[in-house]
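Please look through the sequence and the model below, and then follow the report as it moves from helices to strands and on to a ligand.

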Amino acid sequence: MAVDFKSPREIEQMRVACQMAAETLLLVGEQIRAGMTTDDLNTLVHEDTVRRGAYPAPLNYRGFPKSVCTSINDVVCHGIPGPQVLKDGDIINVDVTTFYKGFYGDTSATFYIGRPSADAIKVTEAARNAMMKGIEVVRDGAYLGDIGHAIQSYAEGLGLGVVRDFVGHGIGRKFHEDPQVKHYGRPKTGERLRAGMTITIEPMINIGTYQCDVDRADKWTARTADGSLSAQFEHTILVTKTGYDILTARPGVLKNSENVANLFAI
Ligand code: MF3
Ligand code: CO
Ligand code: CO
C-alpha cells in the first residue's frame, strides 16, 4: 500500500473530473424537491454525467447497482436510489463521483427538503462545518491525525457522534487509494500529508451515537444504530506546500443546502 502522488499535469486532469462532479452536484441542488424519488435523482446524475462524456463511478463499483448514493435521514452513507419519495422535512446526502479520462472526482452534500427540524439543521450544519475544519488543517507536513482531531473535537463538542466505520480516502486514478482519512484522531499522529497527495475529507456526523449498522439485505445501506439523523459533506482536496486546494470547489451556491439554515434558524 502506497500513496500515489500526482504530478502538476495529473492534478489538472483530476481537476477536470472534480469540477464535473461539482457541477453535477450543483444541478442536483437546482432540481431536488419534495415529491421526487431517489431514482429520479439517480437518473439526473447518471444523465448529466454521461452527457459530459464521463462515467458515474458508483455504477457497478463492487456491485453497487446505481449511479449515485442517496442517503436519507438516518442513512449514514451508501443509500441505494429507488422508489422512496422525498418528503418535507427530510435531509438527504447525494454523493457524486465522476470518472473522466482516467481520474476520479468525489463530492457530496446534504440537502434540505422543505422545512427542516432544529435537529436537521444542527446535524447538517455541523457536518458542513466539520468538513471545513478538517480541510483547514491540511498542508504539507500536517498529520492525518490533525484532520481527525479537528473534526472530532468540533463535532463531539456539540454533543454529536462522529462515524468511525467509514473514512475518507486517497483518490486519483483509483476511486479509493491510500491513505485512509479517519474523521477522528489525535493531533500529530498517523501518516504525514505531503504536497501532491489527493484525498477526500467526508465526515459523517450523527445526532446520537456514532455507531452504524449495514443493511443485512442490500449489504450497502448504512444506518445509525439508534435511528438518529446523520449528515455528510465531502470534497476532494489537493495537499499543497502552504495548505490545500479544494478540487471539487463549486462555481456557484448550492441550492437547497447552503443558505437554507439562515432561512429557518429559530
Ligand atoms: N462516494 C463514496 C465515497 O465517498 C463511495 C461510494 S461507493 C458506492 O467514497 F459503491 F457506494 F458507490
Ligand atoms: Co469519497
Ligand atoms: Co463520495
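In this predicted model, the buried residues of helix α4 are L144, G145, D146, I147, G148, A150, I151, Q152, Y154 and A155. Because 10 of the 14 residues of α4 are buried, the helix is largely enclosed by the rest of the structure. Its buried residues pack against helix α3 (118-136) and against the strands β6 (161-162), β8, β9 (198-201) and β10 (204-206). The helix covers residues 144-157, and its end C-alpha atoms are 20 Å apart, which agrees with the 20 Å that 14 residues should span at 1.5 Å a residue. Just after α4 comes G159, a residue that takes a positive phi of about 80 degrees.

Helix α2, made up of residues 38-51, has 14 residues and reaches 20 Å from its first C-alpha to its last, close to the 20 Å expected at 1.5 Å a residue. Which residues of α2 are buried? They are T38, L41, N42, L44, V45, D48 and T49. When α2 is seen down its axis, these buried residues fall within an arc of 165 degrees, so they line one face of the helix. The face turned away from this buried side carries E47 and R51, which are exposed. As for what lies against the buried residues of α2, they pack against helix α1 (8-31) and against the strands β1 (55-56), β2 (69-72) and β4 (91-100). Just after α2, the residue G53 takes a positive phi of about 80 degrees.

Strand β8, one of the elements against which the buried residues of α4 pack, also takes part in a pairing of strands. Strand β7 (residues 168-170) and strand β8 (residues 177-181) run antiparallel and are joined by three bridges.

The last topic is ligand 1, which is surrounded by 14 residues, the closest being D95, D106, H176, E202 and E234.

| Residue | Atom of ligand 1 | Distance |
|---|---|---|
| D95 | nitrogen | 3.0 Å |
| T97 | nitrogen | 3.3 Å |
| E234 | oxygen | 3.0 Å |

Key: Residues numbered from 1 in each chain as written. Chains lettered and ligands numbered in written order. Predicted model: local features only at pLDDT ≥ 70, side-chain atom pairs only at ≥ 80, totals over all residues. Heavy atoms only, no water. Helix = DSSP H or I, 4+ residues; strand = E, 2+ residues; numbered from the N terminus. Expected span 1.5 Å × (residues − 1). Buried < 20%, exposed > 50% of the residue type's maximum accessible area, 1.4 Å probe, protein only. Arc of directions from axis to C-beta. Contact = heavy atoms within 4.5 Å. Pairing = 2+ DSSP bridges. Near = heavy atom within 4 Å. Polar contact = N/O pair within 3.5 Å; in protein donor to acceptor, adjacent residues only side chain to side chain.
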